[in-house]
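Work through the exercises below with the sequence and the structure at hand. Each task is followed by a solution in steps.

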Amino acid sequence: MNGVLLDVEVAAVVALVLVVVWVAALLPIALRKRHEWQLTASVSRFGRSSRRLASTYPAAPPTATVSPAEEAELRRAYAAHRRAEVARVRRLRARRRQTLVRFGVAVAGAFVFGLLPHLHALFDLALLGLFALAGYAALCVRAAREEEYRLAAPVARVRPVVPAPGGVVVPLRPVRPSFVIVEATS
């Protein structure tokens with residue numbers, strides 16, 4: 001009986017050594033390719049941000065006039081859409097929270113039962129489940145942040161303008177730059 005357990009432990013150590021060797025062999029290759037991955041990720045992030053910006057701040061049609069009744073109807077439609085979106089996000093969050101709790105209970109149960117002498121395989125399963133649970137929790141946090149970003153009201157600063165001849169719109173006061181370069185006196 002002890003010989004079988006010794007063989008299992010030796011096999012686990014050999015598997016661990018093989019994993020370490022593979023990681024040591026593949027890590028330099030992955031680090032060399034990282035620059036290429038960053039470039040494609042940067043392009044994808046820029047495209048995603050551009051689409052998000054376009055959907056958040058839709059282009060207004062030039063010289064479009066809306067009657068007060070139409071404006072009130074548009075505001076009501078927007079408010080109804082926003083309420084429906086908030087309700088949908090709440091349902092998604094509740095479902096994610098429920099799944100996270102159920103998954104946590106399953107991992108805790110596997111951990112507790114894994115402590116029993118003949119069910120040590122459940123302890124190993126609980127450790128794997130713990131990593132999966134952490135990953136799922138991270139995905140839930142990311143999804144919540146994305147939803148908060150999507151639900152945030154667009155903030156557009158309105159600048160007073162004066163129509164000038166030739167159809168040009170001139171701002172009444174210039175916008176301050178985001179930074180100013182100042183020379184230090186010596």
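**Exercise 1: the aromatic pair**

The structure holds 1 aromatic pair. The model is a predicted one, in which local features need pLDDT of at least 70 and side-chain atom pairs count only at pLDDT 80 or more, while totals for chains, interfaces and linings use all residues. Residues are numbered from 1 along each chain as its sequence is written, and side-chain values use heavy atoms, with hydrogens and water left out.

Task: Classify the pair formed by Phe111 and Phe123 from its ring geometry.

Solution. Step 1: A pair of aromatic rings is described by the distance of the centres and the angle of the planes. Step 2: Rings of Phe, Tyr and Trp (its six-membered ring) pair if their centres lie within 6.5 Å; planes under 30 degrees apart count as stacked, over 60 as edge-to-face and the rest as tilted. Step 3: The ring centres of Phe111 and Phe123 are 5.2 Å apart and the planes stand at 40°, so the pair is tilted. Step 4: Phe111 belongs to helix α2 and Phe123 to helix α3, 12 residues apart, and the pair thus links distant parts of the chain. Helices (H or I, at least four residues) and strands (E, at least two) are DSSP runs, numbered from the N terminus.

Task: Are Phe111 and Phe123 buried, partly exposed or exposed?

Solution. Step 1: Buried means under 20% relative accessible area, exposed over 50%, partly exposed in between (1.4 Å probe, protein chains only). Step 2: Phe111 has 35% relative accessibility, so Phe111 is partly exposed. Step 3: Phe123 has 25%, so Phe123 is partly exposed as well.

**Exercise 2: the helix packing**

Task: Describe how α2 and α3 pack.

Solution. Step 1: Helix α2 covers residues 68–114, and α2 and α3 pack at an angle of about 165° with their axes 8 Å apart. Axes are lines fitted to C-alpha atoms, for helices over the stretch in contact, and angles run from 0 to 180 degrees between N-to-C directions. Step 2: This angle makes α2 roughly antiparallel to α3, given that angles under 35 degrees count as roughly parallel, over 145 as roughly antiparallel, 65 to 115 as roughly perpendicular and the rest as oblique. Step 3: The residues of the contact between α2 and α3 comprise 21 nonpolar, 5 polar and 8 charged. Here Ala, Val, Leu, Ile, Met, Phe, Trp, Tyr, Cys and Pro count as nonpolar, Asp, Glu, Lys and Arg as charged, and the others, Gly among them, as polar.

**Exercise 3: single residues**

Task: Which residues does Arg96 touch, not counting those up to four places away in sequence?

Solution. Step 1: Arg96 is placed in helix α2. Step 2: Its relative accessible area is 18%, so Arg96 is buried. Step 3: Arg96 touches Tyr136, Cys140, Ala143 and Glu147, where contact means heavy atoms within 4.5 Å.

Solution. Step 1: Phe113 lies in helix α2 and, with a relative accessible area of 48%, is partly exposed.
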